[in-house]
Amino acid sequence: TANGQVAYSIAEETERGASVGNIAKDLGIDAATLSARKFRMITGSSKQYFNINASTGAVSVNEPIDREQLCELKSACLLNYELVLENPLELYRMEFKVLDINDNSPSFPLREYHISVPEFLSPGARFTLPNAQDLDEGTNGVQNYTLSPNEHFHLEMQTRGDGSKYPELVLKKALDREQQATHRLVLTAKDGGDPPKSGDVPVVVTVLDTNDNAPEFEHSVYRASILENSPTGTLVVQVHATDLDEGPNGEVTYSFSNTTSADLQRMFLIHSRTGEVTVNGVLAVQRPLLEMLIEAKDNGVFGMSSTAKLLVEITDVNNHGPEITITSLSSPIPEDALPGTVIALLSITDKDPGENGKVTCQIPANLPFQLKPSLENYYSLVTSGLLDRELISGYNITITATDLGSPPITTQKTLSVQISDVNDNPPVFSADTFDVFVEENNPLGAFLYQVSASDPDMGDNGRVSYMLRNSTVAGSALASFLSVSLANGSIYATRAFDFEQLRSFYFQVEAKDNGSPALSAAITVNVYISDQNDNAPAILYPTSQNGSVAVEVVPRLADEDYLVTKVVADDEDNAENAWLSYHLAYSSDSTLFRLAPHSGELRTTRSMRSTDFLKHKVVVVVQDHGDPPLSSTVTVGILLADTLPQVLPDFDDSGEPPPLLNATNIYLIVSLACVSCIFAAFLLFLAIVRLCHCRTCCCSSCCCPAAKYEKYCYSVHMLPSSHLPPDMLEVTGVGKLTHTYLYRASVGLGPGNSSI
């Protein structure tokens with residue numbers, strides 16, 4: 001074993017299953033990994049002569065080998081195999097040398113040979129005998145010839161100019177056709193095997209009595225060279241033989257010897273008269289040197305012949321283009337493959353020999369790949385740079401192989417290599433931060449915003465899911481405020497926001513792909529809560545306790561523009577929703593007080609008078625500028641006093657006119673109406689009585705209040721109380737009856753008076 005190559009020797013015809021060696025042991029490979037590494041044997045032979053045990057690495061014979069059938073006449077019979085292993089990709093060459101055994105006997109091309117010998121030939125005349133053929137090589141080939149005993153003939157071995165030997169039949173005693181016209185001999189060829197094998201052929205010698213000279217060639221060996229693409233009819237060589245005889249016995253006819261193979265006789269044609277050898281077909285041979293035997297025979301009755309050897313050298317022309325074979329291809333390959341990763345194993349061969357069969361190979365220079373020579377005629381396609389599927393997802397690599405012939409022949413083959421995705425790109429947001437504006441008092445589950453991240457990877461590596469990063473907002477978990485859709489990044493509110501409690505906050509949304517390992521990116525989302533007018537103004541001063549009216553004490557004779565109090569209010573809303581204005585909704589005396597609409601200061605509009613009521617009540621409305629506006633009211637009781645009284649009066653109904661038709665007023669009105677009706681009826685009764693009395697007495701003075709008669713006299717006077725003495729009956733009106741009236745009734749009975 002050397003340099004990734006192991007050589008074995010095995011005798012031909014070795015039986016099936018016989019052990020040859022152990023490839024795992026010889027190459028230093030762990031036999032247990034052969035199956036996992038998908039080992040395979042590659043050969044150009046049509047048959048698989050050897051097997052490798054996947055468990056032990058043992059190499060055994062799969063089919064017996066016939067060396068002669070496999071290698072024909074080659075001196076060395078070699079079988080070349082390539083062992084390909086994956087994960088990682090490795091290539092080893094195995095060479096099996098098939099050793100010859102003596103399994104073939106020598107044989108002759110014909111079953112019987114006939115030789116015609118003129119009887120007048122003198123001893124020493126020679127006749128060429130056929131060569132035996134033995135498919136075995138070396139010492140197992142033909143080593144010697146023997147001839148059956150005969151008194152007229154014996155056998156001698158001759159050597160040609162190229163060193164090859166051949167047998168000749170030598171006449172050792174003159175023939176007498178009249179005594180014996182035919183001699184039957186047996187020519188035996190023996191090889192050098194152990195034990196030796198032999199083959200024989202009958203040689204029939206017919207004795208002639210004419211034509212005693214055989215043709216002779218000018219050269220025993222002819223050499224010629226032609227191009228392998230020579231067309232039909234191309235002259236190869238012209239042979240020439242002479243015969244000293246005259247007439248028909250000296251006329252020579254040329255032909256190929258019977259020992260020349262039929263294939264060569266079809267490729268070449270020899271002219272029987274001129275001896276010109278020409279091309280007769282396509283020179284489809286792999287051997288650079290062809291050997292043929294040409295026979296020259298005269299036209300005598302008993303024609304004599306001789307042979308010469310023709311060696312034809314086939315000069316190669318560049319008529320075969322390189323052949324590119326993809327032995328192994330790994331596709332797709334991950335985009336994170338390191339430079340130097342083996343992608344494919346190529347076999348590039350050219351059937352032409354010599355320079356015409358030498359090949360250069362290349363790929364385009366702008367690709368992240370390169371070709372590296374491996375074993376003989378093998379190249380490895382490896383990565384030479386970094387790959388990025390997001391930029392280029394696949395490559396069509398054109399392999400160009402050019403031989404060194406003239407003109408050169410170029411062959412191209414395109415490999416399609418796909419790049420598989422790895423999770424090398426994290427999700428990417430379009431911005432670093434997002435701002436979200438939301439109004440407070442939003443409904444639960446309200447959609448706030450949708451974040452979106454892109455991932456150029458494909459499949460699970462590019463499918464993005466979203467989640468909230470754990471954090472707290474105002475001391476509470478973020479999940480109690482927001483939720484995010486895992487699939488599309490939509491953000492929803494899980495509670496209603498309150499601007500007065502939380503005006504803004506931020507959180508992070510994480511986008512994570514589904515690769516392994518997963519990659520992620522985060523974005524900060526700022527949430528700004530917009531104010532709504534959802535808070536009415538709060539009265540800070542003056543304040544009331546338990547529903548009572550706030551009381552302010554003002555000097556009895558306070559001057560004009562005296563500051564009675566300042567209404568202080570606050571609104572938790574923001575901006576115009578918190579802009580406050582102050583208004584008087586009610587004042588018991590609208591001419592006495594005024595309110596500043598912006599400051600909330602309550603001041604007197606004039607100086608106090610002694611005739612002013614001591615108690616006043618005002619209702620102040622504080623209103624914001626929201627849409628719609630909200631308001632709050634406060635009732636302020638104002639007491640005109642120079643000193644603070646120990647007990648504050650009740651301001652519940654002071655200075656504020658009660659309703660016209662409340663229950664008390666209705667009762668008073670009904671009572672007064674009843675009393676008035678009764679009183680009117682009483683007065684009417686008195687008037688009737690008095691009228692009746694006057695008519696009776698015929699006293700017209702009885703109707704006069706000043707009359708002093710004993711008749712009854714009635715009078716009723718209704719005067720304002722300011723014109724009556726204090727001892728008169730006083731009835732004070734209640735409710736709307738704010739004036740005082742005195743009712744005086746007098747009943748005159750004669751000169752006496754009665755007052756009610």
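Predicted model: local features only at pLDDT ≥ 70, side-chain atom pairs only at ≥ 80, totals over all residues.
Q: What percentage of the residues of the protein count as buried?
A: A residue counts as buried when its relative accessible area is under 20%. The protein has 756 residues. The part of them that counts as buried is 40%.

Q: How many helices and how many strands make up the secondary structure, and what share of the contacts with a separation of 6 or more joins residues 24 or more positions apart?
A: The secondary structure comes to four helices and 55 strands. Among contacts with a separation of 6 or more, those between residues 24 or more positions apart account for 66%.

Q: Which secondary structure does the chain adopt over the residues that UniProt places in the feature "transmembrane region"?
A: The unreviewed UniProt entry places this feature at residues 666–686. Over that stretch the end C-alpha atoms are 30 Å apart. Strand accounts for 0% of the stretch, and the chain there is 100% helix.

Q: Is V61 buried or exposed?
A: V61 has its place in strand β5, residues 58–61. Its relative accessibility is 3%. The cut-off for burial is under 20%, so V61 counts as buried.

Q: Which residues are in contact with V61, leaving aside its neighbours within four places in sequence?
A: One of the contacts is A18, which is 43 residues from V61 in sequence but 5.4 Å away in space, C-alpha to C-alpha.

Q: How many salt bridges does a search of the whole structure find?
A: Side chains of opposite charge can pair when their charged atoms come close. A search of the whole structure for such salt bridges gives a total of 21.

Q: How many residues apart in sequence are the parts tied together by the salt bridge of E86 and R40?
A: The side chains of E86 and R40 meet with an N to O distance of 3.1 Å. E86 lies in the loop between β6 (78–85) and β7 (90–99), whereas R40 belongs to strand β3 (residues 40–43). E86 is buried at 19% relative accessible area, and R40 is partly exposed at 27%. Because of these positions, the pair ties together parts whose separation in sequence is 46 residues.

Q: How far apart are the closest N and O atoms in the salt bridge of D460 with R463?
A: D460 counts as partly exposed, at 40% relative accessibility. R463 also counts as partly exposed, at 45%. In the salt bridge between D460 and R463, the closest N and O atoms are separated by 2.3 Å.

Q: Where do E510 and R469 lie, and how many residues apart in sequence are the parts that the pair ties together?
A: The salt bridge between the side chains of E510 and R469 has an N to O distance of 3.9 Å. E510 lies in strand β41 (residues 504–513) and R469 in the loop between β36 (464–468) and β37 (472–473), so the tied parts are 41 residues apart in sequence. E510 is buried, with a relative accessible area of 13%. At 32% relative accessibility, R469 counts as partly exposed.

Q: In which sense do β41 and β42 pair, and over how many bridges?
A: β41 and β42 form a hairpin with six residues between them. Within this pairing, F505 has V527 in β42 as its bridge partner. The sense is antiparallel, and the number of bridges is nine.

Q: Do strands β33 and β42 run parallel or antiparallel?
A: Strand β33 covers residues 433–439 and strand β42 covers residues 520–530. F437 stands opposite Y528 in β42. Seven bridges join the two strands, which run parallel.

Q: Which residue in the turn between β28 and β29 has a positive phi?
A: Strands β28 (residues 369–373) and β29 (residues 378–383) run antiparallel and are joined by five bridges. Q370 has V382 in β29 as its bridge partner. The hairpin has four residues between its strands, and the turn residue with a positive phi, about 70°, is N377.

Q: Which residues make the nonpolar surface patch of about 260 Å²?
A: One member, V568, is found in strand β46 (residues 568–570). V568 is partly exposed, with a relative accessible area of 33%, and patch residues need over 30%. The patch is made by L540, Y541 and V568.

Notes:
Residues numbered from 1 in each chain as written. Heavy atoms only, no water. Patch = residues over 30% accessible without salt bridge, like charges linked within 9 Å, V, L, I, M, F, W, Y side chains within 5 Å. Areas by Shrake-Rupley, 256 points an atom, 1.4 Å probe, with all protein chains shown as cover. Salt bridge = Lys/Arg side-chain N within 4 Å of Asp/Glu carboxyl O. Buried < 20%, exposed > 50% of the residue type's maximum accessible area, 1.4 Å probe, protein only. UniProt positions renumbered as here; feature names shortened; annotations may be inferred. Contact = heavy atoms within 4.5 Å. Pairing = 2+ DSSP bridges.
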